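Dear colleague,

Please find the structure below.

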Amino acid sequence: MTELKELFVSFVDAGNGLLWGSVLIYLLIGAGLYFTFRTGFLQFRSFGHMFELIKGSREGADGGISSFQAFSTSLAARVGTGNMAGVAVAIYLGGPGAVFWMWITALVGMSTSFVESTLAQAYKINHKDNTFRGGPAYYIEKGLGQRWLGIAFAICLIIAFGLAFNGVQSNSIAAAMNTAFGTDNTWVGVILALATAPIIFGGMRSVAKVAELIVPFMAIGYLVVAFYVIGINITLLPDVFGTIIGSALGFEQAAGGAIGAAMMQGIKRGLFSNEAGMGSAPNAAATATTRPNHPVAQGYVQMLGVFIDTIVICTATASIILLSGMLDTDSGITGIALTQAALVEEVGAWGAGFIAIAILLFAFTSLIANYSYGESNIEYIFKSKKAINVYRVAVLAMVVIGAVVDLPTVWAFADLSMGMMALINLVAILALSGIVFALLKDYETQRKEGKKPTFDRTKFPKLDKQIDKDVW
């Protein structure tokens, strides 16, 4: 049994080393650059249009899931422990320059998010309850005609996001609460499960409503504190940004090593944080009733999520750490402990408690959003209410287990599953990207003509044969 376990661990480690050490990083960045050029640098030239669409995104759902609710759900999954602990690890291991490469990763990844979310909207299906379902599994089957590959993607997502990462979120909450308030991890896990149960048993609509309420509140609250720290250190800010850029481009040797370490840590943590190209956020994007009624509209909205996650919130964490002067690569203090120590240095003892509460909100909303991704894919495979209920119980069990036990092998296997789903998704969106470029051209043409863009499936004969006629 021991030998079998060692063999499994070796296999998982080798797989993660191959996927995350080389293949995925180059593929994710390469795909993002390709989409950026092919869309004419959409994320820059249409930056203002994203905010225009967000303004009216809470309207027109008619009892379904609004564009803003779908956006909030995906942002709930994106904005999690990685925005605090992950940024701290990146800076600790790669130096301040890692932040610069996180920015580059996000700016490039915005175009990837646009492509995958637009596809999710185009290929979404009618759920017969005034809501929709969709995501990579659905566009892989309908667009590429490969149901087996859709199932493979769905299984990887369920393992990673639906189960294991919910254990990780629970573990992070329990650890932060214990550090700040001395709480018992078991009771934290039980209380979390009790708080989660009514939301996930309420289904996708319930998740979307909770995300819509909590996500804006938690993001704004965290940013207010970060801006306060920046405000009281405003004279130091130019030096901090100079250090970030200088470290990233090799002009100076910052804590953590040279340009290679900064680039690798920044890109890797950036991809983990904003999830662009992973195939997770499209599951939320597909549920939206869009206004205007065109697949491209939600692509724009989801692009904004990548920007907020990395350029805004991750930068806020990086600013707190670098302005505090608490970064010391010889101290061994990294992750959430470094972020807590940095905020305590700036605002006093209440900073540790604030970070614990922030982690609670960030991780809890990630937990329910991750659940919703899994539900969509469980339904894709089994089309059974019983299977969904079994999955819900399994999620609650992982919440309790994750709070009590640190399972590094399980988390490593989750990374491997996420790597596999990202690989499948990237191949699919590259193969189907021609459809997105055609849809974007149609959308922009209508805007130039002064029209409110409306999707007419008859303009796209190939797509017309593949999509759900009950939706479009």
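Helices here are DSSP runs (H or I, at least four residues), numbered from the N terminus. This is a predicted model, in which local features need pLDDT of at least 70 and side-chain atom pairs count only at pLDDT 80 or more, while totals for chains, interfaces and linings use all residues. Residues are numbered from 1 along each chain as its sequence is written, and side-chain values use heavy atoms, with hydrogens and water left out.

The structure contains two cavities of 30 Å³ or more. A cavity is a set of points, on a 1 Å grid over the protein atoms alone, where a 1.4 Å probe fits but cannot get out; lining residues have an atom within 4 Å of a point. Points are joined across faces, edges and corners, and a volume is the space filled by probe spheres set on them.

The largest cavity has a volume of about 60 Å³. Its lining consists of Ile65, Ala70, Thr73, Met204, Val207, Ala208, Ala284, Thr287 and Ser372. By class, six lining residues are nonpolar, three are polar and none is charged (nonpolar: Ala, Val, Leu, Ile, Met, Phe, Trp, Tyr, Cys and Pro; charged: Asp, Glu, Lys and Arg; polar: the others, Gly among them).

The second largest cavity has a volume of about 40 Å³. Residues lining the second largest cavity include Leu53, Ser67, Arg291 and Gln298. Helix 14 (residues 295–324) gives the most to this lining, with three residues. The lining has three nonpolar, five polar and one charged residues.

Key. On a 1 Å grid over the protein atoms alone, a cavity is a set of points where a 1.4 Å probe fits but cannot get out, and a pocket is an open set with protein on both sides within 12 Å along at least five of seven lines; lining residues have an atom within 4 Å of a point. Helices (H or I, at least four residues) and strands (E, at least two) are DSSP runs, numbered from the N terminus.
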